[in-house]
Amino acid sequence: MGDLLSYWPFVLGLLATGVISGIAAGLLGIGGGAIIVPALASALAFLHYDSDVVQHIAVGTSLAIIIPTGIASARAHDKRGAVDHRILKLWAPVVVVATFIGGLMAGLYTGDVLRIVFGVVALFIAANIVLPFQERLMGHLGDSAPTHRISAAVVGYISALMGVGGGSLSVPTIHAFGASMHKAVGTGAAIGVFIALSGTLGFIISGWSVDGRPPLSLGYINIPALVLIGVTAAVCAPWGAALAHRLQQRTLKLAFAAFLALVGLNMIWKAMAG
C-alpha cells in the first residue's frame, strides 16, 4: 500500500472515481462500472502496466467494486419499495451462471477484444436510451418467464466482459417488460449484486496465474483499487438513490447516454489504434 500512496494523483483519482461511480450506481442503477472501467484502465496505463493486463484488471476489479456499491444501492431502493422480487427471482439464478462463465472466459480474450465489447455495447445502450427501441420490440413479452431468463443470460455474460453491474442493460430491459422506471432501476441494482459476485469469482480464477499484474492483485482483482474505490462508492451510493427519486429521469438518461457514447467511441478507438 506504501507504493500506491506514493502515486497520490492515482489515489485521488481512485477516490474521485469512487464518489462519482457510487452516486451513479444509486442514481441510475448501473453499478458504476461504466465509469470505473475506463477510469481505472487509464490510471493503470498511466503507471505503465501492460495494455492487455490493464483492461482485464479494470474489468475484474470493477466487478468486485460493484459488490459493496450494489448492495448499498439495492438496499436503499428496496427500502423505498423499488425492487421487484418476482423479476429478481427469475433473473438471479441465470445471471449468476452466465456471469461466472463470462468471467472464466475473459482470460481467453485480448484486452482489445474487451475494449471493443465495452465500446460496442456502450454505443448500443446509448442509442437505446435516446431511441428506446427495446421497449417497442419487447414490451409484449413482459409476462414470459423464458424471455426473462434468456435476457438474464445475455445481460450476465456481456456484463462480465464489460465489468459492469448490468444495470445499463437490465434496467431498460426490465422497463421494456412493463416495470416502472423506478422499479427497473431498483431491481437492476439488486441484479447487479449477483452479477458482481459471480463475475468477480470468475475473474479471480481466470487471472490467477497471469504474469504482469499490478502488485497486490488477486487474479484480475487489484486489492488497493478495490478498497479505495469500493469503500468510497458504497458510502456515496445511497446519495444517488435518494436523488433518483427527486430528479427528472429523462434528463439524467440523456446525459448518461452522451457519456456512454463518448466512452464507447474512445474504447473502440483505443482498440483499433492498438
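Which residues of helix 6 are buried? They are G111, L114, R115, F118, G119, V121, A122, I125, A126, N128 and I129. The model is a predicted one. Its protein chain has 12 helices and 2 strands, and 54% of its 274 residues count as buried.

**Overall fold**

- Along the sequence, the elements of the protein chain follow the order α-α-α-α-α-α-α-α-α-α-β-β-α-α.
- The C-alpha atoms of the protein chain fill a box of roughly 50 × 35 × 30 Å along the principal axes.
- The radius of gyration is 17 Å, which agrees with the value near 19 Å that a compact globule of 274 residues would have.
- Taking contacts between residues at least 6 apart in sequence, 82% join residues at least 24 apart.

**Helix 6**

- Helix 6 covers residues 111–130, and its 20 residues should span 28 Å at 1.5 Å a residue. The C-alpha atoms at its ends are 29 Å apart, which agrees with that expectation.
- An α-helix has 3.6 residues a turn, so residues three or four places apart point the same way.
- F118 is one of the buried residues of helix 6. Beyond residues up to four places away in sequence, F118 touches G33, A34, V37, P38, M162, V164, V263 and M267.

**The largest nonpolar core**

- The largest nonpolar core has 63 residues, and those touching the most other members are L14, W91, F118, I174, I191, F203 and L260.
- Helix 10 gives the most to this core, with 10 residues.
- In soluble globular proteins, nonpolar side chains tend to be buried together.

**The aromatic pair**

- The structure holds 1 aromatic pair. Its rings belong to F203 and Y220, with centres 6.1 Å apart and planes at 70°; because an angle over 60 degrees counts as edge-to-face, the pair is of that kind.
- F203 lies in helix 10, while Y220 is in the loop between strand 1 (217–218) and strand 2 (221–222), so the pair ties together parts that are 17 residues apart in sequence.
- Both F203 and Y220 are buried.

**H56 in helix 4**

- H56 belongs to helix 4, which runs over residues 51–79.
- The relative accessibility of H56 is 4%, so H56 counts as buried, the cut-off being under 20%.
- Leaving out neighbours within four places in sequence, H56 is in contact with A106, G107, Y109, T110, G111, L114, F203 and Y220. Among these partners are F203 and Y220, the two residues of the aromatic pair, and also G111 and L114, which are buried residues of helix 6.

**S198 in helix 10**

- S198 sits in helix 10, made up of residues 181–206.
- With a relative accessible area of 8%, S198 is buried.
- Apart from neighbours within four places in sequence, S198 is in contact with V96, T99 and F100. The side chain of S198 reaches the backbone nitrogen of F100 at 3.1 Å.
- S198 and Q55 are 143 residues apart along the chain, and their C-alpha atoms are separated by 19 Å.

**V171 in helix 9**

- V171 is part of helix 9, residues 167–176.
- The relative accessible area of V171 is 3%, and the residue is buried.
- From C-alpha to C-alpha, V171 and V185 are 5.5 Å apart in space, and 14 residues apart in sequence.

How values were computed:
Residues numbered from 1 in each chain as written. Predicted model: local features only at pLDDT ≥ 70, side-chain atom pairs only at ≥ 80, totals over all residues. Heavy atoms only, no water. Helix = DSSP H or I, 4+ residues; strand = E, 2+ residues; numbered from the N terminus. Expected span 1.5 Å × (residues − 1). Buried < 20%, exposed > 50% of the residue type's maximum accessible area, 1.4 Å probe, protein only. Contact = heavy atoms within 4.5 Å. Polar contact = N/O pair within 3.5 Å; in protein donor to acceptor, adjacent residues only side chain to side chain. Core = buried A, V, L, I, M, F, W, Y, C linked by side-chain atoms within 4.5 Å. Phe/Tyr/Trp six-rings, centres within 6.5 Å; stacked < 30°, edge-to-face > 60°. Rg over C-alpha atoms; globule rule 2.2 N^0.38 Å.
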